[in-house]
Amino acid sequence: LIAKVQDEGGHGLYIYCGTETLGTDRSELIDQYLYGTAKYSSIFNYPTLTWADIGVIGWLVDGAAIVNQTMLAHASYGPYARAMIRICKEENFHKRQGYELCATLARGTPAQKAMVQDAVNRWWWPSLMMFGPHDTNSPHSADLLRWKVKQKSNDDLRQRFVNLTVPQAQAIGLTLPDPDLKLDEASGEWTFGEIDWSEFNAVIAGNGPMNRERIAARRKAHEEGAWVREAAAAYAAKHQPAAGQAA
């Protein structure tokens, strides 16, 4: 788990580096995140209640991210695409680790199977929301597709994720919490129920289950870590070669 946390921190750095190539300073980006003017993935605003959540997040959340990021690895903007290539490699490991954890719990004691099924019930719909709004309600999709930043639409990617995930759930004896989920024999695709878009809109507006708590925790850590950044800057300045000194 600690190794995964380290990987995810690195992924954030890759994206910050890519964004800086557009001319925005990293400190400005961090301030936008900490003080509420930047949007971020809706999935980070849900609570993790049990150990099974760790496995389900790896399987479903990282699995959804892989479907999206694999497409973005072919984006027209080079710095973003190159970051996604490395991120996808690491996320594939996270997904395999999460799926193995879920499979182990699913074949464990009745209490363990109930715990992982409960986690699946809570994370399934938020995972589908990760792909964004319906194409008809996505204000930027048309431009992103035209510029080839995105290669496929939100709904196309969401459908691919469902098609991949249903057989995985069946293989380990878990049920996805959607009574409308069924296989369309003609297309070979799994049709699924309607997402609760009111919940999605509330979360991205800052009113999700954990929005305020998560941002408050990040802001507290940033403020309490100021002395580390200041010490590092002072050390770098002290050991910087004098102007004109030979390298």
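How many salt bridges does the count come to by this rule, a salt bridge being a side-chain nitrogen of Lys or Arg within 4 Å of a carboxyl oxygen of Asp or Glu? The count comes to eight salt bridges. The model is predicted, so that local features need pLDDT of at least 70 and side-chain atom pairs count only at pLDDT 80 or more, while totals for chains, interfaces and linings use all residues. Residues are numbered from 1 along each chain as its sequence is written, and side-chain values use heavy atoms, with hydrogens and water left out.

Asp 143 forms a salt bridge with Arg 146, their closest N and O atoms being 2.9 Å apart. Because Asp 143 and Arg 146 are three residues apart in helix H6 (residues 141-146), about one helical turn separates them; helices are DSSP runs (H or I, at least four residues), numbered from the N terminus.

Helix H3 (residues 51-72) packs with helix H4 (residues 78-106) at an angle of about 150 degrees, the axes being 7 Å apart; axes are lines fitted to C-alpha atoms over the stretch in contact, and angles run from 0 to 180 degrees between N-to-C directions. H3 is therefore roughly antiparallel to H4, a term for angles over 145 degrees. In this contact there are 15 nonpolar, eight polar and three charged residues, where Ala, Val, Leu, Ile, Met, Phe, Trp, Tyr, Cys and Pro count as nonpolar, Asp, Glu, Lys and Arg as charged, and the others, Gly among them, as polar.

Terms used: Helix = DSSP H or I, 4+ residues; strand = E, 2+ residues; numbered from the N terminus. Parallel < 35°, antiparallel > 145°, perpendicular 65-115°, else oblique.
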